[in-house]
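Please take the sequence and the three-dimensional view together, and keep both at hand while reading.

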Amino acid sequence: MIIGVPKEIKNNENRVAVTPAGVTEFRKHGHVVYVQAEAGKSSGFSDEQYAEAGATILPTIEEVYAIAEMIIKVKEPIASEYGLIKENQLLFTYFHFASSEPLTHAMIERKAVCLAYETVEKTDRSLPLLVPMSEVAGRMAIQEGAKYLEKPMGGFGILLGGVAGVKPANVLVLGGGIVGTQAAKMAAGLGANVTIVDISLPRLRYLEDIMPANVDTVMSNEYNIRELIKSTNLIIGGVLIPGAKAPSLITRDMLKLMKPGTVMVDVAIDQGGCFETSRATTHEDPIYEVDGVVHYCVANMPGAVPYTSTLALTNATLPYALHLADNGWKNACTTNEELRKGLNVVNGKVVFKGVSDAWNLPY
Ligand code: NAD
């Protein structure tokens, strides 16, 4: 198959969908790979590395779209790319169709085959192409939280791990899923006192078993959260109710219970956030303050660490991409139910119920 890897052009997107290691694998399977010049530059991969791995470098995005049977990307195509997409061309990328009606209509009109990373689903209902980004965001949440706890950054001025003779900071993690688990591990590793709250008792049991001694688990309810935040220095929001807006677990009135300089990192901001006072921010302007509490609500946290994020993402996407390239999308989706669930729009028709429901389109 002829594979095209364009350079991402969405604002501040530094990841790339295929690494030189991925090119090597495609070549071993007999496929041809075209990579747009500088596609991997922001992730730390040079054109020379891609060429050495066996890719052909093309100077423009137009050439990549024109030649490829399968386009592998990171983010959804943006308006300037719509016209480049050909009928029957397979696009394998994050789409998030339910959050963009123009994108949905554009892909229907282009009659492309759109296989969305975010809806590829395993039999245990986990989403293997979303997990790596939650892992990155969860770990990063502690790094960012620690930074903004510093006094010059507006925080309380406490070191997460303390030192001999001085107590460490208290970290509260809301939601013990992928984000919460990774955040708790990082905070615990730095020596903080960590509490994870979740509504799932089986999940709390599991976390209690695997976490180190400086991590406690507590049932998530308003009473417990109100008590915990009085002595918390850093709060990480990592709750998810699939397909729904995140619940506001920290309401505005609760901010008054906290110490000034408390830092709240709302990782769940991409689902509306789990603090009432959250609003999405950017890497350029990541924080703001409400009632003395620092809010960090960057919606695309992994974008700040493109080297790690690219490798984490491509580790997960490559086996699926190889299956698609080896078998063609029709056979690949017939033989692999996980991939079939990724099909969202096929040759002008919406084939994913969530997308048809979102925009009232035939299914
Ligand atoms: P997950 O499904 O693995 O975990 C969510 C957890 O929240 C589950 O354990 C669930 O039981 C728990 N939960 C649900 N309601 C709760 C409540 N009321 N109180 C406490 N816990 C509750 O999800 P995840 O992969 O960890 O993702 C968490 C969020 O982070 C998602 O919204 C995801 O989209 C987001 N995310 C954001 C970024 C970013 O850059 N901002 C990056 C990756 C993921």
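Predicted model: local features only at pLDDT ≥ 70, side-chain atom pairs only at ≥ 80, totals over all residues.

Two packed helices are described by the angle between their axes and the distance between the axes. For helix 6 and helix 7 the angle is about 35 degrees and the axes are 7 Å apart, while the crossing of the two is right-handed. On the side of helix 6 the contact is made by Val 131, Ser 134, Glu 135, Ala 137, Gly 138, Arg 139, Ala 141 and Ile 142, and on the side of helix 7 by Ile 178, Val 179, Gly 180, Thr 181, Gln 182, Ala 183, Met 186 and Ala 187. Taken by class, the residues of this contact between helix 6 and helix 7 comprise nine nonpolar, five polar and two charged.

The crossing in which helix 6 passes helix 10 is right-handed. Helix 6 brings Val 131, Pro 132, Met 133, Glu 135 and Val 136 to this contact, and helix 10 brings Thr 308, Ser 309, Ala 312, Leu 313, Asn 315 and Ala 316. The residues in the contact of helix 6 with helix 10 are seven nonpolar, three polar and one charged.

Helix 10 in turn packs with helix 1, residues 20-28, at an angle of about 20 degrees and with the axes 11 Å apart. Helix 1 and helix 10 are therefore roughly parallel to each other, and their crossing is right-handed. In this contact Gly 22, Glu 25 and Phe 26 of helix 1 meet Thr 314, Leu 318, Leu 322 and Ala 325 of helix 10. By class, the contact of helix 1 with helix 10 has four nonpolar residues, two polar ones and one charged.

The loop between strand 6, residues 113-116, and helix 6 holds Thr 119. Is Thr 119 buried or exposed? Thr 119 is buried, because 23 other C-beta atoms lie within 10 Å. Although Thr 119 and Gly 342 are 223 residues apart in sequence, their C-alpha atoms are 4.7 Å apart in space. Leaving out residues up to four places away in sequence, Thr 119 touches Lys 341, Gly 342, Asn 344 and Phe 352.

Arg 125 also lies in the loop between strand 6 and helix 6, but with 8 other C-beta atoms within 10 Å this residue is exposed. Most residues other than glycine have a negative phi. Arg 125, however, has a positive phi of about 75 degrees although it is not a glycine. Asn 360, likewise not a glycine, has a positive phi near 55 degrees; Asn 360 is found in the segment after helix 12, residues 353-359, and is exposed, with 8 other C-beta atoms within 10 Å.

Two further residues complete the walk. Ser 248 is placed in the loop between strand 10 (234-237) and strand 11 (263-266), and counts as partly exposed because it has 17 C-beta neighbours inside 10 Å. Apart from its neighbours within four places in sequence, Ser 248 is in contact with Cys 274, Phe 275 and Glu 276. Pro 102, finally, belongs to helix 5, residues 101-110, and counts as exposed, with 9 C-beta neighbours inside 10 Å.

How values were computed: Residues numbered from 1 in each chain as written. Helix = DSSP H or I, 4+ residues; strand = E, 2+ residues; numbered from the N terminus. Buried ≥ 20, exposed ≤ 12 C-beta atoms within 10 Å, placed from the backbone. Left-handed = near helix turned anticlockwise from the far one by under 90°. Contact = placed C-beta atoms within 7 Å. Nonpolar A, V, L, I, M, F, W, Y, C, P; charged D, E, K, R; others polar. Axes fitted to C-alpha atoms, helices over the stretch in contact; angles between N-to-C directions. Parallel < 35°, antiparallel > 145°, perpendicular 65-115°, else oblique.
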